[in-house]
Amino acid sequence: MAEHYKPVKYKAWEMSLEERFQEVYPPLSERDATVEANRCLFCYDAPCMDACPTHIDIPTFIKKIATGNVKGSARTILESNLLGATCARVCPVQELCEGACVLEHDHKPIAIGRLQRYATDYAIERNIKFFEKGKPNGKKVAIVGAGPAGLSCAGELAKLGFDVTVYERQKLAGGLDTYGIVVFREPIEVSLREVKMIEDLGVNVKTGVNVGKDITFEELIEKNDAVFVSIGLGDVPNMEIPGENLPGVHDGLEFIAETKTQPLNTIKFGKRVAIIGAGNTAIDAATIARRLGAERVNMIYRRSEAEMTAYHFEYEFALGEGVSFMFLTQPIEVVGNGRVEGLKCIRMDLGTPDQSGRRAPVPVPNSEFIVECDMVIKAIGQKKHTNVMQKLATFGVQETKGYIAVDTTTNRTANPKIFAGGDCVRSIGEASTVMAVQDGKIAARAIHEQLVGKGELAHAGKCCK
Ligand SMILES: Cc1cc2nc3c(=O)[nH]c(=O)nc-3n(C[C@H](O)[C@H](O)[C@H](O)COP(=O)(O)OP(=O)(O)OC[C@H]3O[C@@H](n4cnc5c(N)ncnc54)[C@H](O)[C@@H]3O)c2cc1C
Ligand code: SF4
């Protein structure tokens, strides 16, 4: 990787708290972007494009950067992915477009993500509007949840002339882009600018409305021609071990959300932090704790390195931040007198594969020990929305392992009026922002075909030059 594409070197002792929470990768300068764009071979049948779940025309947008047409480049990106600025920052590009780039063989794939960020930031910072609300077609759609799946579906439907209302239970829209993705990968402003772009297409985003409590699913289904459910997943589940209610035990998602919404110097953190889990939330919480100033951060995971759900580059990033990993270790009790003083753990061994196909961890007898810590962060995944599932079942919606079951070519549920997408349907494999965006697009296309008839979706909505 060329020197100027490396992340800013992290020297905590030289940086203020605010500087430590700046984006890890600096924006590309015009010169660097042009040089990088000119390295692209503009492949015919470009494999990078196939590897992108939203099928952005990558060679075309890069060519436009190479020829100085940055605005046109942004339009090419946003035509396929309205949340292109977020995806440019959070996509696991090593596993997707950059991993498929023909130059990957020389270990120098094109920096597609950073070029995408360069083009989309250019357009968003200048408030350039590429699309307009489509000619009204008289149909109404309600969307439950304003994360990437809901926003993508809303934007695509608005371009097609639908009257769209998005209901979001949080104070701010954006889902995990706003509250969950660590601030030094995606600042909250990027997510909120995308929400504004969707609202500018005429979408009515109603925040602070919990569907199922403040308004019923019955009402939404009755008063709309279609409903798209994109509620993601829920809170971090309990660990079900003694002592987990002691002061000093924190929820990983809440901890991350604090750093996105509160002044950094007001966030409480421990000197010695134990993080339980080894997925997205755990890695993010661990790196945040380090950057806030925690002296020792131990990630505790009951399986081995090979079974971690976090991507390898995230693991390497955490190691580089000084985070330690304790594999094959299962917490069994939070210990302390009135507040957290340690985490009692037991060593594990790997047995035969379980339902997930991974080798099941088995406790090693008499191997208990204490990890000293003054803060425990639980980050062992997210709960499913069982109440919503039970309610949707009364409308004939089916489930797979607690997730909403959909036909993946349309994202339609067993009830033809109800569609769903994003994390709440992803019962197998990895979940990511870009997959949620694509689900929203697929559902918008299917809703359009069902209610209006087949039409040209890709270039729907008038393009502003
Ligand atoms: C800590 C963390 C870090 C991650 N990092 C990355 C990353 O770097 N790259 C990547 O690609 N992916 C990452 N992911 C995964 C990615 O964030 C998700 O796959 C993506 O956000 C899913 O989008 P969604 O729209 O389905 O759900 P969400 O983003 O969860 O949005 C769902 C929305 O629905 C709302 N909602 C729920 N119930 C109701 C209701 N009853 N009424 C109204 N609103 C409701 C919620 O408040 C929320 O705003 C990360 C996930 C986590 C947890
Ligand atoms: S595969 Fe690589 S070189 Fe080919 S078009 Fe895509 S980014 Fe350019």
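Colleague: How many residues of domain 1 are in contact with domain 2?

Modeller: Two residues are in contact if their C-beta atoms, placed from the backbone, lie within 7 Å. Here 17 residues of domain 1 are in contact with 23 residues of domain 2. On the domain 1 side, helix α6 (residues 84-90) contributes the most, with five residues; helices (H or I, at least four residues) and strands (E, at least two) are DSSP runs, numbered from the N terminus. That side comprises 11 nonpolar, four polar and two charged residues. Ala, Val, Leu, Ile, Met, Phe, Trp, Tyr, Cys and Pro count as nonpolar, Asp, Glu, Lys and Arg as charged, and the others, Gly among them, as polar.

This is a predicted model, in which local features need pLDDT of at least 70, side-chain atom pairs count only at pLDDT 80 or more, and totals for chains, interfaces and linings use all residues. Residues are numbered from 1 along each chain as its sequence is written, while chains are lettered from A and ligands numbered from 1 in the order in which they are written.

Colleague: Where do the domain bounds fall?

Modeller: The bounds come from an automatic or database domain assignment. The chain is divided into domain 1 (3-125), domain 2 (140-234 + 384-451) and domain 3 (249-378). Between the C-alpha centres of domain 1 and domain 2 the distance is 27 Å.

Colleague: How is a pair of packed helices described?

Modeller: Two packed helices are described by the angle and the distance between their axes. Axes are lines fitted to C-alpha atoms, for helices over the stretch in contact, and angles run from 0 to 180 degrees between N-to-C directions. The axes of α13 (residues 252-261) and α14 (residues 280-292) come within 9 Å and cross at roughly 50°. The contact involves G252, L253, F255, I256 and T259 of α13 with T281, A282, D284, A285 and I288 of α14.

Colleague: Which residues come nearest to ligand 2?

Modeller: A residue is near a molecule or strand if its C-beta atom, placed from the backbone, lies within 6 Å of it. Of the 15 residues around ligand 2, the nearest are C40, C43, C48, C101 and I110. The shell around ligand 2 has 15 nonpolar, no polar and no charged residues, and α4 supplies its largest share, three residues.

Colleague: Where does ligand 1 lie?

Modeller: Domain 2 and domain 3 both give residues to the shell around ligand 1, so ligand 1 lies between them. Its shell has 36 residues, the closest being G145, G147, G175, G232 and G422.
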